[in-house]
Amino acid sequence: MSLTMPASLSPTHTGPARLPALKAILGAWLVIGALMSALYLNAYRPFSDPDDFLKLHEIRHVLDSGSLLDRQLPNILQPEPFISHWSWISDAPYVLIALLARPFLGAEAAVQTAVFIAPLLLFLVALVLVYKTAVRLGFADPGLVTAVA
């Protein structure tokens, strides 16, 4: 018995034909990265509402305490201890980037760097997944589908 993929599901773009798709993915990623950089240079921060400040507080707490699974956040003024409603998995990319950057940048600069880099890396992963989905669905130009998505 052969474990080959049926012709209807096999990717149509292989080898050198993937170069335009790679250009489309990287192009879309670079455009968004440039846009985010311009916003940051103009003092616009995506983390600017109370919900985002609480998320940053949670990321800082994880970095300070080292406990990714402890959802209780200190320094929140309310009668009972505040238990965060976010899953720990959403903190993982930010915490990992901040941990890698902290020895070089310091604690607060590492968190700010993570806030900038993590969404870009997650966006790149999303673009690759959209491209692979477009290939599997048989679109004639999956690179264009990815760039438009």
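1. Let's start with burial. Of the 149 residues in the chain, 28% are buried. Keep in mind that this is a predicted model.

2. Next, the overall layout. You'll find five helices and two strands in the chain. As for contacts between residues at least 6 apart in sequence, 54% of them join residues at least 24 apart.

3. How do you describe a pair of packed helices? By the angle between their axes and by the distance between those axes. Here α2 covers residues 50-65 and α4 covers residues 107-136. The two pack at an angle of about 130°, with axes 11 Å apart. That angle makes α2 oblique to α4, and the crossing is right-handed.

4. Which residues bring α2 and α4 together? On the α2 side they are L56, R60 and L63; on the α4 side they are E108, V111, Q112 and V115. Sorted by class, the residues of this contact come out as four nonpolar, one polar and two charged. If you want to look at it in the viewer, picking out those residues of α2 and α4 will show you the contact.

5. Now turn to the other partner, helix α3, which runs over residues 92-105. The axes of α2 and α3 come within 10 Å and cross at roughly 55°. That makes α2 oblique to α3. Is this crossing left-handed or right-handed? The crossing of α2 and α3 is right-handed.

6. The residues behind the α2 and α3 contact are I59, V62 and L63 in α2, which meet Y94, V95, A98, L99 and R102 in α3. By class there are seven nonpolar residues, no polar ones and one charged. Notice L63 of α2: this residue is listed in the contact with α3 and also in the one with α4.

7. Still in helix α2, have a look at E58. Is E58 buried or exposed? Its relative accessibility is 1%, so E58 counts as buried, the cut-off being under 20%. And what does E58 touch, once its neighbours within four places in sequence are set aside? The contacts are R71, L73, S84, W86 and D91.

8. The loop between the strands deserves a glance too. N75 sits in the loop between β1 (72-73) and β2 (82-83). Its phi is near 65°, a positive value in a residue other than glycine. With 68% relative accessibility, N75 counts as exposed, because that is over the 50% cut-off.

9. Finally, the end of the chain. Where is A149? This residue lies in the segment after α5 (142-148). At 71% relative accessibility, A149 counts as exposed. Along the chain, A149 and V130 are 19 residues apart, while their C-alpha atoms are separated by 7.7 Å.

Technical notes. Residues numbered from 1 in each chain as written. Predicted model: local features only at pLDDT ≥ 70, side-chain atom pairs only at ≥ 80, totals over all residues. Heavy atoms only, no water. Axes fitted to C-alpha atoms, helices over the stretch in contact; angles between N-to-C directions. Helix = DSSP H or I, 4+ residues; strand = E, 2+ residues; numbered from the N terminus. Parallel < 35°, antiparallel > 145°, perpendicular 65-115°, else oblique. Left-handed = near helix turned anticlockwise from the far one by under 90°. Contact = heavy atoms within 4.5 Å. Nonpolar A, V, L, I, M, F, W, Y, C, P; charged D, E, K, R; others polar. Buried < 20%, exposed > 50% of the residue type's maximum accessible area, 1.4 Å probe, protein only.
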